[in-house]
Amino acid sequence: MHNARLLLFAIFAAGCLQTHAERMPRLKRSIHWADSMLTVRYLHSDIDTLYITRPPTMWTVKARFNISASRIHIKGMYDDVSFASKMDAKRKSTLSAAINYCGISVGLSINPAKLLGRYNDTEANIHSYGKRTGFDIVYQNAHNFKGWYESDVEERISLPADIMSLRAVTASAYYVFNHRRFSYPAALSQSYIQQRSCGSVLMAASYQGQLAKIHEAIDSKLRVHNIGVGVGYGYNYVPSHKWLIHLSALPTIIVYSHATTRVDDERTRLKYDFPEFIFTGRCAVVRQINRYFVGATVVYNLTHIGSSRHLQVDNSQMRARAVVGYRF
């Protein structure tokens, strides 16, 4: 019986090894096919190589330092009394690293202050910068706002950090008309290299949704959903072979707006006051040093809704990044 068990085990092990040996060539062929497809896609992009080129190597590693900030500015009139308030969220700093192969990137980000329990807000950033299309999506759940409030009948007073909370999603997408000569990713993700100065008209679309709550004796909420479309412009200036300076502006006019306030059980729909808009601006500076590169980028979003005759809300977000990378 013992010999029979050993024989059965040997047959089972041999079968597993044979199956594994048969699968290994298939796996290698699949990996080779996928790598070949990525290489062809990477090296044969639809670009004018007099203006844009791919880096000479396919691997890139990057270390990044990120800072983000958010502000809400409110103005309005209530019972013929004008008022204003400005609230700033606590700034967030993160360290991140990323590795890129043939234009596909994987990264990891940490927030030292949150690991130490000094930062309680949550923020997530998703971005994709392609040569023809791209987008930014930012989710924010902030509680650490500080600021002030004043009115015609009341002097300016400081507001505590726990008086307001905000949950917001901001998204901005673009389409590049001159994508063969103007490269967004050369400035913002460094997956291309801009060789000559060039600009492009941009089609833009944006979305902003937020829920702001004031935690006082009187519970109040502001809920907003906005969609905007517009046309912008971007320019990559190459003063020398190793430098790149990028500026772009994407203003969008809000074409759909749904904004309401609720104080206790009383709900009010806010009127649309033209022009309401969502603005996205980006700038970057990149310096090439052989296979190394260093750079800094800034993305700025501003949503403007309402009017100071009733209620005006300006919500701004800024994200700045310093990056050091190596291509191999």
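Predicted model: local features only at pLDDT ≥ 70, side-chain atom pairs only at ≥ 80, totals over all residues.
**Exercise 1. Asp-136**

Solution: 
- Step 1. Check the accessibility. The cut-off for buried is under 20%.
- Step 2. Asp-136 then touches Ile-126, His-127, Tyr-129, Thr-170, Ala-171, Ser-172, Arg-282, Val-299 and Arg-319.

**Exercise 2. Glu-123**

Task: Which strand holds Glu-123, and which side chains make polar contacts with the side chain of Glu-123?

Solution: 
- Step 1. Glu-123 belongs to strand β6, residues 122–129.
- Step 2. Take the polar contacts in turn. The side chains of Glu-123 and Ser-68 are joined at 3.1 Å. The side chains of Glu-123 and Asn-125 are joined at 3.3 Å.
- Step 3. List the neighbours, leaving out residues up to four places away in sequence. Glu-123 touches Ser-68, Lys-92, Val-138, Tyr-139 and Arg-319.
- Step 4. Link back to Exercise 1. Arg-319 is among the residues touched by Glu-123, and Arg-319 is also among those touched by Asp-136.

**Exercise 3. The chain as a whole**

Task: How many helices and strands does the protein chain have, and what part of its residues is buried?

Solution: 
- Step 1. Count the elements. The chain has three helices and 18 strands.
- Step 2. Turn to burial. Of the 328 residues, 41% are buried.
- Step 3. Finish with the surface. The accessible surface is about 18,600 Å². Carbon and sulfur atoms hold 61% of that surface.

**Exercise 4. Cysteines**

Task: How many disulfides are counted, and are Cys-198 and Cys-283 buried or partly exposed?

Solution: 
- Step 1. A disulfide requires cysteine sulfur atoms within 2.5 Å. The count is zero.
- Step 2. Cys-198 has a relative accessible area of 10%, so Cys-198 is buried.
- Step 3. Cys-283 has a relative accessible area of 29%, so Cys-283 is partly exposed.

**Exercise 5. The largest pocket**

Task: What is the volume of the largest pocket, and which strand gives the largest share of its lining?

Solution: 
- Step 1. The largest pocket has a volume of about 1,500 Å³.
- Step 2. Its lining comprises 42 residues. Nearest the centre lie Tyr-78, Phe-83, Ser-220, Val-263 and Leu-311.
- Step 3. Strand β14, residues 243–263, gives the largest share, with six residues.
- Step 4. Lys-271 is in the loop between β15 and β16. Its relative accessibility is 67%, so Lys-271 counts as exposed.

**Exercise 6. Backbone exceptions**

Task: Which peptide bond is cis, and where do Gln-190 and Asn-290, both with positive phi, lie?

Solution: 
- Step 1. Recall the background. Most peptide bonds are trans, and most residues other than glycine have a negative phi.
- Step 2. Find the cis bond. It joins Phe-274 and Pro-275, with omega about 0°. Pro-275 is in the loop between β15 and β16.
- Step 3. Take Gln-190. Its phi is about 60°. Gln-190 lies in the loop between α3 and β11. With a relative accessible area of 4%, Gln-190 is buried.
- Step 4. Take Asn-290. Its phi is about 55°. Asn-290 lies in the loop between β16 and β17. With a relative accessible area of 67%, Asn-290 is exposed.

**Exercise 7. Lys-86**

Task: Which strand holds Lys-86, and which residues does Lys-86 touch?

Solution: 
- Step 1. Lys-86 is in strand β3, residues 81–89.
- Step 2. Beyond four places in sequence, Lys-86 touches Arg-71, Ile-72, His-73, Lys-146, Gly-147 and Trp-148.
- Step 3. Compare sequence and space. Lys-86 and Asp-314 are 228 residues apart along the chain, and their C-alpha atoms are 9.5 Å apart.

Terms used: Residues numbered from 1 in each chain as written. Heavy atoms only, no water. Helix = DSSP H or I, 4+ residues; strand = E, 2+ residues; numbered from the N terminus. Polar contact = N/O pair within 3.5 Å; in protein donor to acceptor, adjacent residues only side chain to side chain. Contact = heavy atoms within 4.5 Å. Buried < 20%, exposed > 50% of the residue type's maximum accessible area, 1.4 Å probe, protein only. Areas by Shrake-Rupley, 256 points an atom, 1.4 Å probe, with all protein chains shown as cover. 1 Å grid on protein atoms, 1.4 Å probe; cavity = no way out; pocket = protein on both sides within 12 Å on 5 of 7 lines; lining within 4 Å. Points joined across faces, edges and corners; volume = space filled by probe spheres on them.
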